[in-house]
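Me: I would like to learn how to read a protein model. Could you take me through it, feature by feature?

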Amino acid sequence: MQLSDSISLHQRGSVDVLEVSNSCGSAEISLFGAHVLSFVPNTDNRERLWLSKSAVFDGVTPIRGGIPVCWPWFSDRFPSEERNLPSHGFVRNQIWKLDNQEELSEATRLVLTPSSTSGPGFNFNVSLKLVITVGHNLKVELITENIGPHIVRLTGALHSYFAISHISQVELFGLSGSYHDKTRDWQEFQTPSPYVFNEETDRVHHDKPETLEIADGSQRIQIASGGHDSIVVWNPWQENSIAMKDMPDDGYEKMLCVESAVTDGIDLAPGKQHCLAQTIC
Ligand code: TA6
């Protein structure tokens, strides 16, 4: 496809990466996984996303950092009895293609589609696209359409890794209510206030606020969500960072995952669409 003026293509390891740069912001998107790797708004030229320095770009291994696209299931919420399936679904392990590109007045919009929307554990007639709008904000929309005759049950997430100066000085605003804690056998707890971080954190919040904010010293990251039924908050902390080959030992200090997610699940009726969206600024 001929690329528009604001889009260029380069290689990173074995992976093709689209680079978008316009008057409002810039971004990098790997075609492997339709994986946003970077977003820098021109308002302050500050990177919003964290990308592991040890991330693997072999076109097989899911990329550590950025915005992994988790579909058609979140984590190990497999939709069938099969258990030996990839964590967070199979589309983040696929080569996607750029189906459309559009120059808007203050943004560039890209539409990417995966190689396949069916695989082991999921065999339904659905279409999927990721719409990425790069401007003063970054908007990512994961749109599923049920084009078959059966109801399709979906979970998933936009599993965003945000760049922070240090986890010890971060506070997360906007969540309330209860969450289930993966680090404590999925027991239920109440959202803390202040929401600060001092240990491994792996929580599914059943609250579904439209907006959240990461306060990081004097810096702020605003996160807006749509089509979600929960928010996942994850920091692996030191032991897991050391155990993950694609994560520096101290990587946990510089990142925080705040994920717009569908973890309870949605039943998508024939002919209907679902859009899971996250906007970052
Ligand atoms: O979203 C949080 C989580 O489910 C954690 O439990 C952890 O597994 C994380 O995702 C990363 O998963 P990944 O498969 O990308 O290593």
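Predicted model: local features only at pLDDT ≥ 70, side-chain atom pairs only at ≥ 80, totals over all residues.

Me: Which strands form the open sheet of four, and in what order?

Reply: In general, strands of a sheet pair through backbone hydrogen bonds, either parallel or antiparallel. Strands here are DSSP runs of E, at least two residues long, numbered from the N terminus. Two strands pair if DSSP finds at least two bridges between them. In this model the order is β1-β2-β3-β4, with antiparallel pairing.

Me: Why is one side of β1 and of β4 left without a neighbour in the sheet?

Reply: β1 (7-12) and β4 (35-41) stand at the edges, and each has a single partner strand, so one side of each has no neighbour in the sheet. Neighbouring strands of this sheet are turned by 20° against each other on average, direction ignored. The axes behind that value are lines fitted to C-alpha atoms; angles between N-to-C directions run from 0 to 180 degrees.

Me: How many bridges join β1 to β2?

Reply: Six, and β2 covers residues 15-21. For one partner pair, look at L9: its bridge partner in β2 is L18.

Me: Which strands form the open sheet of eight?

Reply: Read the order as β6-β7-β8-β9-β20-β17-β16-β12, again with antiparallel pairing. β6 and β12 (170-173) are the edge strands, and each pairs on one side only. The twist averages 15° from one strand to the next.

Me: What joins β6 to β7?

Reply: A hairpin does, through two residues. β6 (residues 97-104) and β7 (residues 107-113) pair over seven bridges in the antiparallel sense. E102 has R109 in β7 as its bridge partner. Now find β16 (residues 211-216) and β17 (residues 219-226), an antiparallel pair with six bridges. There, D216 stands opposite Q219.

Me: Where does the ligand sit?

Reply: In the largest pocket. A pocket is found on a 1 Å grid over the protein atoms alone: it is an open set of points where a 1.4 Å probe fits, with protein on both sides within 12 Å along at least five of seven lines. A molecule sits in it if more than half of its atoms lie within 2 Å of its grid points.

Me: Which residues are around the ligand?

Reply: Count a residue if one of its heavy atoms lies within 4 Å of the molecule. Among them are R64, F74, H88, R92, H159, D202 and W234. Others make polar contacts, meaning pairs of N or O atoms within 3.5 Å. Polar side-chain atoms lie at 3.3 Å for S87, 2.7 Å for K182 and 2.9 Å for E259, each from a ligand oxygen atom. Taken alone the ligand exposes 390 Å², and the protein buries 84% of that. Such areas come from the Shrake-Rupley method with a 1.4 Å probe.

Me: Where are the cis peptide bonds at P72 and P194?

Reply: Most residues other than glycine have a negative phi, and most peptide bonds are trans. W71 and P72 are joined by a cis bond, with omega about 5°. P72 lies in the loop between β5 (69-70) and β6. From S193 to P194 the bond is also cis, with omega near 0°. P194 is in the loop between β14 (187-190) and β15 (201-205).

Me: What is the phi of A34?

Reply: Near 50°, a positive value in a residue other than glycine. Look for A34 in the loop between β3 (25-30) and β4.

Notes:
Residues numbered from 1 in each chain as written. Heavy atoms only, no water. Polar contact = N/O pair within 3.5 Å; in protein donor to acceptor, adjacent residues only side chain to side chain. 1 Å grid on protein atoms, 1.4 Å probe; cavity = no way out; pocket = protein on both sides within 12 Å on 5 of 7 lines; lining within 4 Å.
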